[in-house]
Amino acid sequence: MTAETEDDAFAAIRAHPGGVLQSELWKELGVDSRKCSRLVKKLLDEGRIERIEYRKEGIKTYVLRAAKTPPEPNLLLAGAELIPCVACELECKVEECPLLMDWMYQLAIEEFTE
Ligand code: SF4
């Protein structure tokens, strides 16, 4: 892989949910470390990633992670119905939850009727 844009770099960073070392990222992207630094700086300036200082064998590098963003409010709604998981206090078994199944059914109806 050769990263041409910051979007390519962002996709590579996001593929590592626990973060990726900047000193490893440029190798993964197939670019030199200077180009990687420029791509990382753009992503930091745009607020799309966060950078945490990290020392590996005494050498300073950084862990890069995709920034957490709040979900879009409309993704939590099926029509006017808010997803039941918000403020839910039940013992969660997602795959068996009738509340979630009802909400997803409502979502499917809303999408079908649009
Ligand atoms: S899936 Fe069901 S039990 Fe789990 S958090 Fe959502 S509403 Fe609550």
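Domain bounds here come from an automatic or database domain assignment. With that in mind, the protein chain is assigned domain 1 (6–66) and domain 2 (73–113), and their centres, taken over C-alpha atoms, are separated by 36 Å. You're looking at a predicted model, in which local features need pLDDT of at least 70, side-chain atom pairs count only at pLDDT 80 or more, and totals for chains, interfaces and linings use all residues. Residues are numbered from 1 along each chain as its sequence is written.

Let's start with the helices. Helices (H or I, at least four residues) and strands (E, at least two) are DSSP runs, numbered from the N terminus. Axes are lines fitted to C-alpha atoms, for helices over the stretch in contact, and angles run from 0 to 180 degrees between N-to-C directions. Angles under 35 degrees count as roughly parallel, over 145 as roughly antiparallel, 65 to 115 as roughly perpendicular and the rest as oblique.

Take H1 (residues 6–14) and H2 (residues 22–29): they pack at about 120°, with axes 11 Å apart. The two are therefore oblique to each other. On the H1 side, Asp8, Ala9, Ala12 and Ile13 make the contact, and on the H2 side Leu25, Glu28 and Leu29 (in contact means C-beta atoms, placed from the backbone, within 7 Å). Sorted by class, that gives five nonpolar, no polar and two charged residues. For the classes, Ala, Val, Leu, Ile, Met, Phe, Trp, Tyr, Cys and Pro count as nonpolar, Asp, Glu, Lys and Arg as charged, and the others, Gly among them, as polar.

Now follow H2 to H3 (residues 33–45), where the axes come within 9 Å and cross at roughly 105°. H2 is therefore roughly perpendicular to H3. Gln22, Leu25, Trp26 and Leu29 of H2 meet Ser33, Cys36 and Val40 of H3, a set with five nonpolar, two polar and no charged residues.

H1 and H3 meet too: their axes come within 9 Å and cross at roughly 80°. That makes this pair roughly perpendicular. Here Glu6, Ala9 and Phe10 of H1 touch Leu39, Val40, Lys42 and Leu43 of H3, with five nonpolar, no polar and two charged residues.

Finally, the ligand. Around it sit Pro84, Cys85, Cys88, Leu90, Cys92, Val94, Cys97, Leu99 and Leu100, each with its C-beta atom, placed from the backbone, within 6 Å of it. By class, this shell has nine nonpolar, no polar and no charged residues.

Methods
Two residues are in contact if their C-beta atoms, placed from the backbone, lie within 7 Å.
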